[in-house]
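Please consider the following structure.

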There are 2 protein chains.
Amino acid sequence: MQGTRVLRRINTAAVLDAVRRGAGGPVRLTELVESTGLTRPTVAQAVEELLDSGWLRQHAAEPSSLGGRPAVRVSLNGRAAPVLGLDVGPHTVTAGVADLAGEQLAVTREPVRRKGAKHLLGVLGAVTERTLAAADVAPADVAMVVVGTPGIVDREKGRVLFAPSIPGWSSIDLTAHLRTRHPCPVEVENDANLAALAVADERTGTLLAVQWGERLGGGVVIDGRLHRGAGEAGEIGFIRPPGHDVRDDTGRGPLERSIGAEAITELARAAGTRKEDAAAVFTAAADGDPTALSVVDQVARIFAEAVAPAVLVLSPHAIVISGGVARAGEVLVAAIRRHLADLTLTPPRVELSELAENTVLTGALRMALDRVWAARLAT
Amino acid sequence: MQGTRVLRRINTAAVLDAVRRGAGGPVRLTELVESTGLTRPTVAQAVEELLDSGWLRQHAAEPSSLGGRPAVRVSLNGRAAPVLGLDVGPHTVTAGVADLAGEQLAVTREPVRRKGAKHLLGVLGAVTERTLAAADVAPADVAMVVVGTPGIVDREKGRVLFAPSIPGWSSIDLTAHLRTRHPCPVEVENDANLAALAVADERTGTLLAVQWGERLGGGVVIDGRLHRGAGEAGEIGFIRPPGHDVRDDTGRGPLERSIGAEAITELARAAGTRKEDAAAVFTAAADGDPTALSVVDQVARIFAEAVAPAVLVLSPHAIVISGGVARAGEVLVAAIRRHLADLTLTPPRVELSELAENTVLTGALRMALDRVWAARLAT
């Protein structure tokens with residue numbers, strides 16, 4: 001009967017979930033009976049199935065304090081399905097391996113010294129190899145790979161359609177390349193989307209996550225799930241702020257060109273203050289330098305005016321900013337809040353992400369784990 | 001055991017759903033066994049439960065053609081839980097009653113001749129009474145009421161917070177008022193949201209539904225579900241187009257004031273053509289009048305520039321326009337498409353809604369039915 005198979009899946013999933021939430025240590029069947037509300041024979045059947053498939057491992061039996069039969073204890077076998085996350089950028093490649101419990105076993109980061117897709121693939125291969133070796137995981141044992149890349153991604157084909165920051169990148173079949181090494185599902189995703197997923201963490205509600213450094217991108221997460229829409233939702237870098245009406249051939253969007261980290265330095269120079277980079281502008285503003293403060297206000301106003309229509313339509317609970325510009329701190333956030341309050345009906349919270357670095361990698365590992373868990377629970 | 005109760009619910013829901021999909025006519029148990037894949041005893045148990053609760057009714061047994069025992073036939077008892085939908089506007093009140101199968105039993109519409117909340121409540125009462133009488137449903141038998149109203153709604157309290165188009169409206173406790181007549185759940189919802197739900201119909205994907213007449217509002221529907229975000233998502237009327245930087249005290253938003261139906265007539269007048277209303281402007285444009293065409297293009301450009309940032313962030317599959325301005329037809333839609341193609345990365349489809357009128361009411365009835373079904377299937 002169809003019903004019992006469905007029910008068995010639900011029960012097995014409940015047991016697996018209870019072990020996962022069991023804070024890492026071995027748990028006894030009795031505890032699983034309590035935490036799931038299922039009968040003991042049902043729990044025993046689920047545990048047996050999960051031991052067979054390698055997701056749980058059994059611990060030495062603990063003698064019962066009441067002198068009864070020894071209690072069976074099980075814990076999650078994190079090694080059952082390790083996942084690989086990759087963050088491929090024009091300047092840096094980062095690789096990470098995580099176990100089923102979400103613990104990062106190894107993370108390696110390497111600069112990219114030469115331009116071009118071919119060199120980048122070489123770096124990607126080397127970084128991946130080192131990371132897997134450090135985590136003691138064989139390439140063929142990886143259960144899922146998620147790659148974050150700049151540009152627009154055809155998720156069905158697993159290819160990059162358009163990535164002006166990496167010459168030749170869109171001619172590479174990234175999925176096919178990775179699958180020759182890792183015979184498992186491979187997913188290619190826009191890096192800003194992965195960063196959004198990482199920033200969203202366990203938050204509910206609607207979130208606009210903004211990655212703001214030299215590049216300016218974003219992602220939308222609704223109740224923990226990435227919102228993609230018809231194409232690449234969250235592409236705030238391509239918003240055209242009033243007075244910046246022309247696209248250039250750098251492939252960068254108008255808002256990115258207006259208030260990306262480079263542009264902020266230029267705005268400061270135009271205002272008559274000599275700062276070597278955006279960080280110096282923000283430091284001066286935090287110290288009360290009036291010129292720097294007016295530059296920050298100008299940047300905040302351009303940002304707020306650009307995103308206000310999206311805030312009115314999407315009504316996010318929060319805008320969370322990560323990336324280099326996030327180091328600007330409260331001086332920028334306060335100015336953005338002030339301008340948004342004037343331009344919207346329900347101004348969202350404006351916050352800085354607490355994730356200092358590896359945002360894209362964290363998102364890639366999270367997505368990979370989500371996929372592996374979802375596939376397991378649906379089996 | 002918890003599991004069997006859950007399973008029974010799933011099975012009962014499957015049987016109810018199979019009857020609902022059975023195209024209205026009575027169905028035999030054998031057909032339900034086939035369409036659900038459940039065993040005959042399971043189907044029989046579910047049917048008995050649904051007959052007891054009044055959601056199904058039994059038909060005269062049909063003698064089996066094989067000379068066996070007569071076949072039991074059941075159908076949906078649409079009358080088991082009729083729902084009431086209300087569309088309360090400053091100029092018109094519309095009421096409708098639908099049965100469980102979604103069929104509209106009666107719809108009544110009445111103009112509002114005097115301003116003010118008190119008069120409006122009187123009209124609301126009268127229209128509701130007439131509609132229920134026409135549908136032959138007693139006020140106390142209504143299973144769910146959904147009211148659409150302009151303004152910003154506190155959905156938890158079921159009150160209108162801000163509705164400048166109806167003086168005094170926000171001081172009324174609409175939910176309490178309606179619950180004295182209908183002892184059932186009452187839900188108050190922004191009318192543009194309900195219209196969005198009606199326009200979305202059975203579409204999947206992400207949809208920005210735009211109501212465009214004298215007022216300009218919208219709603220976001222993602223995979224058939226209303227997206228509300230932190231406040232009132234879809235509030236495109238409040239987008240501030242470049243050059244329209246001041247809010248006035250009418251409570252209308254800047255984009256609404258720039259390209260609402262009244263503003264279109266004014267734009268045409270400013271362009272030197274005398275048209276009595278927006279409809280006349282669109283008719284002239286469709287006939288090839290160059291001045292009217294340039295006004296339409298101007299309106300389309302302001303609209304496209306205003307919503308482009310939201311399109312980049314939300315990435316809707318389609319923008320669907322309903323309301324009076326939708327009668328402008330292809331001439332407006334084509335111009336909007338042209339401007340959006342230039343301003344966005346993945347331009348959405350731009351379409352006109354096929355729902356001619358009663359959009360808000362249709363959405364109210366749909367939401368009420370969704371609630372009633374969801375509550376039934378969760379019992």
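In chain B, five strands form an open sheet of mixed pairing, in the order E6-E5-E4-E7-E10. Strands pair where DSSP finds at least two bridges between them; helices (H or I, at least four residues) and strands (E, at least two) are DSSP runs, numbered from the N terminus. This is a predicted model, in which local features need pLDDT of at least 70, side-chain atom pairs count only at pLDDT 80 or more, and totals for chains, interfaces and linings use all residues. Residues are numbered from 1 along each chain as its sequence is written, while chains are lettered from A and ligands numbered from 1 in the order in which they are written.

The edges of the sheet are strand E6 (104-111) and strand E10 (186-190) of chain B; each has a single partner strand, so one side of each is left without a neighbour in the sheet. Strand E7 (residues 144-149) of chain B runs parallel to E10(B), joined by five bridges, and Thr149(B) stands opposite Asn190(B) in E10(B).

Helix H6 (residues 191-200) of chain B packs on the sheet, touching E4, E7 and E10 of chain B, with its direction at about 90 degrees to that of E10(B). Contact requires C-beta atoms, placed from the backbone, within 7 Å. Angles run from 0 to 180 degrees between N-to-C directions, with axes as lines fitted to C-alpha atoms, for helices over the stretch in contact.

Chain B is superposed on chain A by a rotation of 180 degrees with 0.1 Å of shift along its axis (RMSD 0.1 Å), by least squares on the C-alpha atoms of residues with pLDDT of at least 70 in both. That is the relation of a two-fold axis.

Methods:
Two residues are in contact if their C-beta atoms, placed from the backbone, lie within 7 Å.
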